[in-house]
Amino acid sequence: MAVENPVTAPSGDQTRIHNIGYRTYDGPRLGRSYATRSLYSQSLRGAYGLGRSVKSKVLPMLLFVVMCVPAAIMVAVAVATKANDLPVDYTRYAIIMQAVISLYVASQAPQSVSRDLRFKTVPLYFSRPIETADYVRAKYAALASAMFILTAAPLIVLYVGALLAKLDFSDQTKGFGQGLVSVALLSLLFAGIGLVIAAVTPRRGFGIAAVIAVLTISYGAVSTVQAIADAQGSSSAVPWIGLFSPVTLIDGLQSAFLGASSAFPGAVGPSNGEGVVYVLAVLGLIAGSYGVLMRRYKKVGL
């Protein structure tokens, strides 16, 4: 209850000091790990518009449906025609749908970080037990998890459909496992690139345009140069050119080590030796993206 303590000022005016009864918090203090998990879960929910307005749910949910519908159609065709195999390998599906995946990253990476930068709320996070590394890990893990859900869901549709069509269990399980490894690496790589680009600018529109440009233009440019090299008889250069685009990096890696057929011109995928370079490039980009985000948010949090 407020207690009024009248105080007489030198001028003769009467002022009042109110004791409004602030008390210290005696409950449990859950610490950094709880705060990091909460930030992760809220960021993951936000990547699909959950807990936000209906308008925020439209695009991510629409892209999720667009990713799954072709898989459902393929399954229906395989069951109806009693095919001996699925029309598309598990490792090929994400490469075919890379435009949808790029659009998802472009729309959700800025949503994850740009608003915090624009409204200058990042220092407020760091005023609590959470630290820079916790913030970056939570945001990175949330977007990568959201992308894994987006890319793994159609593979599950394909796998369940293949089992319903009574295709060979061991072959389908092996292909499904290889597909999951492929989309896990793709999710980590695309999430890192998307967040780095989005963290550069607080303007969401600029972030969306920049992510789309980096992912789609690089893929188009690399594919064009690969086609020119193959047409001129320089097929040995095709795998090395594939190192300069995120999509072709994943394509080359899975064709070298996951038994996938290559989408490179002339189906010239990297050898095992060249595939090691692809693995190092992918892991380097993932680690580099994390390092750039750490440096970026250390400056923002000052």
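The legends below describe close-up views of a predicted model.

**View 1. The largest pocket and the residues around its centre.** The largest pocket of this predicted model holds about 270 Å³ of space. Of the 17 residues that form its lining, those closest to the centre are Asp 85, Asp 89, Tyr 90, Asp 171 and Gly 175. Two helices, α3 (residues 90-96) and α7 (residues 169-198), each contribute at least two residues to the lining of this pocket, and α7 gives the most, with five residues. Sorted by class, the lining of the largest pocket comprises six nonpolar, six polar and five charged residues.

**View 2. The largest cavity, lined in part by α4 and α6.** By class, three of the residues that line the largest cavity are nonpolar, four are polar and one is charged.

**View 3. An aromatic pair formed by Tyr 48 and Phe 64.** The structure contains five aromatic pairs, among them the one between Tyr 48 and Phe 64, whose rings lie 6.3 Å apart from centre to centre. With 85° between the ring planes, this pair is edge-to-face. Because Tyr 48 is in the loop between α1 (31-46) and α2 whereas Phe 64 is in helix α2, the pair ties together parts that are 16 residues apart in sequence.

**View 4. A nonpolar patch on the surface.** Val 65, Val 69, Ile 73 and Val 77 form this patch, and together these residues have about 310 Å² of accessible area. Of these residues, Ile 73 is placed in helix α2, which spans residues 54-81.

**View 5. A salt bridge between Arg 32 and Glu 131.** Side chains of opposite charge can pair when their charged atoms come close. Five salt bridges are counted in the model, including the one in which the side chains of Arg 32 and Glu 131 meet, with a distance of 3.8 Å from N to O. This pair links distant parts of the chain, since Arg 32 belongs to helix α1 and Glu 131 to the loop between α5 (122-126) and α6, and the two residues are 99 residues apart.

Conventions: Residues are numbered from 1 along each chain as its sequence is written. This is a predicted model: local features need pLDDT of at least 70, side-chain atom pairs count only at pLDDT 80 or more; totals for chains, interfaces and linings use all residues. Side-chain values use heavy atoms; hydrogens and water are left out. On a 1 Å grid over the protein atoms alone, a cavity is a set of points where a 1.4 Å probe fits but cannot get out, and a pocket is an open set with protein on both sides within 12 Å along at least five of seven lines; lining residues have an atom within 4 Å of a point. Grid points are joined across faces, edges and corners, and a volume is the space filled by probe spheres set on the points. Helices (H or I, at least four residues) and strands (E, at least two) are DSSP runs, numbered from the N terminus. Ala, Val, Leu, Ile, Met, Phe, Trp, Tyr, Cys and Pro count as nonpolar, Asp, Glu, Lys and Arg as charged, and the others, Gly among them, as polar. Patches are made of residues with over 30% relative accessible area and no salt bridge: like charges are joined within 9 Å, nonpolar side chains (Val, Leu, Ile, Met, Phe, Trp, Tyr) within 5 Å. Accessible areas come from the Shrake-Rupley method with a 1.4 Å probe; for residues, only the protein chains shown count as cover. A salt bridge is a side-chain nitrogen of Lys or Arg within 4 Å of a carboxyl oxygen of Asp or Glu. Rings of Phe, Tyr and Trp (its six-membered ring) pair if their centres lie within 6.5 Å; planes under 30 degrees apart count as stacked, over 60 as edge-to-face and the rest as tilted.
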